[in-house]
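Okay, thanks everyone for coming.

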Amino acid sequence: MPSPLGRRFSLLAAGGIILTSFGAITAFAAEPKNTSTIADGSAWYTQAYDNFPTGGYLTPKQADVTGPQRAPFGPGSHQITIGESSAQTELYRTDAYDGVKVADLSRLEYSELARPTTSGDRQPVYLRLSVDNDGDGNTDASLFFYPANNGTPVNNTWQSWDVAGGTIDVDGDNGGTTTLAAYADAHPDATLVNDKYDANHDAGSLALIAGGSLGGDTDPQTNGEYFVDRVIVGVNDKDTLYDLGGGSEVSGGTTDVTVDPAHDGGWKHQAYDNDVYLTSNQTLVDGPGTPPLGGGSLRFSLSSSENADRVELFRTTQYDGTLLRDLRAISYSTYQRGNTGNDTPQQPVYLRFSLDDDDNGTTDDTLFFFPANNGTVQQSAWQTWNAADGVWGVNSDPGPADSISINDYLVAHPDARIVVNGDASAPDQPRGGVAFLVGGGGAGQMNGTYYLDNITLSKSDDATGHTVTGKRFDLEPTEPTLSIGDASVSEGNKGATLTFPVTLSRPFAVDVTAHFATADSSATSPSDFTATSGTVTIPAGSTTANLSVAVKSDRTYERTENLHVFLSDAVGATVADGSAVGSIVNDDTRVDLGLSQSADRRLRVSVASVPSQAGAPVNIYRVTASGYQLLKATHLNSSGRYLALLNHHYNKGEGVTVVAVVDTSGGKYSSERGHLTIK
């Protein structure tokens with residue numbers, strides 16, 4: 001049966017393995033090279049003058065600005081404002097190419113936006129090259145590229161113009177029309193020359209110009225704002241992209257996203273070989289060792305005995321449509337080791353971007369980041385790879401010497417964007433232009449286990465390119481569970497503390513935290529305990545912590561009283577049992593007093609202690625207006641009781657108030673007052 005996937009092989013040189021990938025290869029619009037450069041506008045100069053025979057220099061009306069709209073590269077562009085006079089001519093020029101032969105110009109492009117400040121359309125910024133044909137160092141011709149002669153300019157929108165591929169006008173709009181290549185053929189020694197009018201003003205052979213047509217207020221290059229950005233100049237196939245303008249990127253922060261069995265975070269698992277799709281064997285596990293983020297990672301397992309052509313992918317669609325130039329942070333962490341008996345060093349998980357270079361929505365090129373081309377790979381150790389600043393292979397692995405940077409690729413393809421990639425004939429299969437891969441054959445990624453964690457991807461916003469936000473993906477198995485246990489303490493007489501145990505079901509590689517708060521029950525705050533709330537932390541690698549609640553003591557006999565403690569908002573764990581009961585156990589003595597009279601008007605007194613205070617001293621007092629009168633000093637019996645008939649005789653109608661005080665090891669406790677009127 002024919003393969004539903006197709007087949008394409010290329011050699012992963014650094015790792016010594018075969019890399020399998022899917023999709024057609026298309027030729028570059030411009031071949032990316034590791035000699036490409038992205039530069040700012042520091043090599044460019046502003047200049048302005050009145051375009052009259054006797055006109056003088058003016059103060060340039062130019063500025064580096066943010067925008068407008070979404071600039072073609074970065075957040076800003078270079079602005080030229082025309083409106084000072086009908087003869088105002090503004091130039092933005094560079095002498096970086098003075099002395100370069102016209103024949104050596106292999107690429108020349110720029111992007112512009114024109115908008116009127118009054119009525120009417122405006123013609124875009126045009127480009128001029130000053131050329132010396134005979135080697136005397138003087139300008140013999142000026143080569144002009146006018147967008148209007150090469151297409152249809154549209155105001156208030158960014159347009160890009162290919163000077164090297166277009167027509168040029170020699171010595172102005174009324175001169176002869178040719179191409180850059182044809183001019184170089186006709187003038188093989190033509191050289192770009194520094195067209196410097198005097199010693200006090202910078203100049204340069206390559207200039208971007210607005211204004212100067214002397215057409216008055218109706219001139220299509222007056223009363224307008226003109227913006228330029230993304231100028232690309234190639235000399236002998238060495239390209240420089242100038243990212244012009246101001247505007248700084250603002251950090252919008254990085255969001256931490258946990259990917260676990262219940263939350264995929266936008267990522268999908270996939271596996272295939274050269275013939276069929278397979279069931280992925282990727283697993284979220286603890287470890288190995290101490291992962292760089294959290295306590296777990298994603299494990300890939302490959303075995304030649306199972307399938308020597310297996311490829312495992314961890315992929316996402318959430319960056320599909322993102323311009324490659326908008327990506328900022330690109331990093332991830334790996335760990336790998338051979339299976340038992342396999343001594344071949346194993347290569348780490350690698351990263352793949354599927355890119356659309358011509359805006360037709362299909363994959364034109366594939367960028368691969370291979371860790372082995374970006375450093376020394378260690379076995380059985382976590383390593384973090386900064387792919388944003390690393391080198392990448394295009395459609396294969398050319399090895400470190402011939403790999404390119406993302407900037408190299410962007411100079412060749414400034415508008416490349418990540419594109420959804422996958423098998424359209426298998427709609428049930430995961431798709432996505434960003435994928436992490438393991439396998440494809442070969443000893444360097446077979447018969448081993450491979451781990452992935454700590455994926456960080458950030459990008460500038462699509463609308464303005466101004467704010468950079470990121471996501472950091474923490475790959476974890478199911479989170480450990482957090483529980484709080486009950487606590488109990490005797491009330492005491494000098495304060496006490498309830499200590500609640502908080503436990504984690506298993507150790508975790510980072511601190512686990514949770515919010516806690518007390519709540520009243522039969523015990524109430526502040527009379528029985530001090531209400532409290534805060535954060536409890538179980539340190540990384542540990543499974544226990546305690547939280548404390550202060551208890552208020554008194555000398556009043558009470559029943560055991562309870563309060564509650566609740567856990568919430570756990571980070572790094574799931575709350576399994578988030579409520580606990582704290583019991584304040586009474587340790588005070590209750591003294592019960594009973595009074596009656598005998599026939600001869602004496603007091604019969606009974607005293608009982610709860611709990612029993614066997615043998616404790618007890619004093620019985622009569623309460624009078626002047627104080628306390630001791631009636632009896634004795635001890636409780638072995639049952640914690642006392643019963644006796646006192647000797648004193650009282651008069652009929654006399655009122656007697658009595659209190660009993662028991663002296664215990666925990667302090668002295670009084671009964672409530674008893675009153676009796678003698679009959």
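Let me start with a quick one: is asparagine 156 buried, partly exposed or exposed? It's partly exposed, with a relative accessible area of 43%. For those categories, buried is under 20% relative accessible area, exposed is over 50%, and partly exposed is in between, with a 1.4 Å probe and protein chains only.

Before I go on, the ground rules. This is a predicted model, where local features need pLDDT of at least 70 and side-chain atom pairs count only at pLDDT 80 or more, while totals for chains, interfaces and linings use all residues. Residues are numbered from 1 along each chain as its sequence is written, and side-chain values use heavy atoms, with hydrogens and water left out.

Back to asparagine 156. You'll find it in the loop between β10 (141-145) and β11 (159-162). Helices (H or I, at least four residues) and strands (E, at least two) are DSSP runs here, numbered from the N terminus. Not counting residues up to four places away in sequence, asparagine 156 touches Gln69, Leu113, Ala114, Arg115 and Pro116; contact means heavy atoms within 4.5 Å.

Okay, zoom out. The protein chain has three helices and 49 strands. Its radius of gyration is 43 Å, well over the 26 Å from the globule rule for 679 residues, so the chain is more spread out than a compact globule. That radius is taken over C-alpha atoms, and the rule is 2.2 Å times the number of residues to the power 0.38. Along the principal axes, the C-alpha atoms fill a box of roughly 150 × 75 × 40 Å.

How much of the chain is buried? Buried residues make up 49% of the 679. The accessible surface comes to about 28900 Å², and 47% of that belongs to carbon and sulfur atoms; that's Shrake-Rupley with a 1.4 Å probe, and for residues only the protein chains shown count as cover. As for contacts between residues at least 6 apart in sequence, 71% of them join residues at least 24 apart.

Charges, quickly. There are 43 positive and 81 negative side chains, and the centres of the two sets lie 22 Å apart. Lys and Arg count as positive, Asp and Glu as negative, with His and the chain ends not counted. Each charge is placed at NZ of Lys, CZ of Arg, CG of Asp or CD of Glu.

Now the inside. In soluble globular proteins, nonpolar side chains tend to be buried together. The largest nonpolar core in this model has 43 residues, and Phe314, Leu351, Phe353, Leu452 and Ile455 have the most contacts inside it. By a nonpolar core I mean a set of buried Ala, Val, Leu, Ile, Met, Phe, Trp, Tyr and Cys residues joined through side-chain atoms within 4.5 Å. Click on leucine 452: leaving aside neighbours within four places in sequence, its contacts include Phe314, Tyr332, Trp382 and Phe436. There's also a second, separate core of 37 residues, with Val100, Leu108, Tyr110 and Leu143 among them.

Then positive phi. Asparagine 454 is not a glycine, yet its phi is about 60 degrees. It's in strand β31 (residues 448-460), and it's buried at 12% relative accessible area. Arginine 601 also has a positive phi of about 60 degrees, but it lies in a loop, between β42 (590-597) and β43 (602-610). Arginine 601 counts as partly exposed, at 33%.

Last stop, serine 522, in the loop between β36 (512-519) and β37 (533-538). It's partly exposed at 41% relative accessibility. Beyond its neighbours within four places in sequence, serine 522 is in contact with Asp528, Glu561 and Asn562. Serine 522 and isoleucine 584 are 62 residues apart in sequence, but 9.8 Å apart C-alpha to C-alpha.
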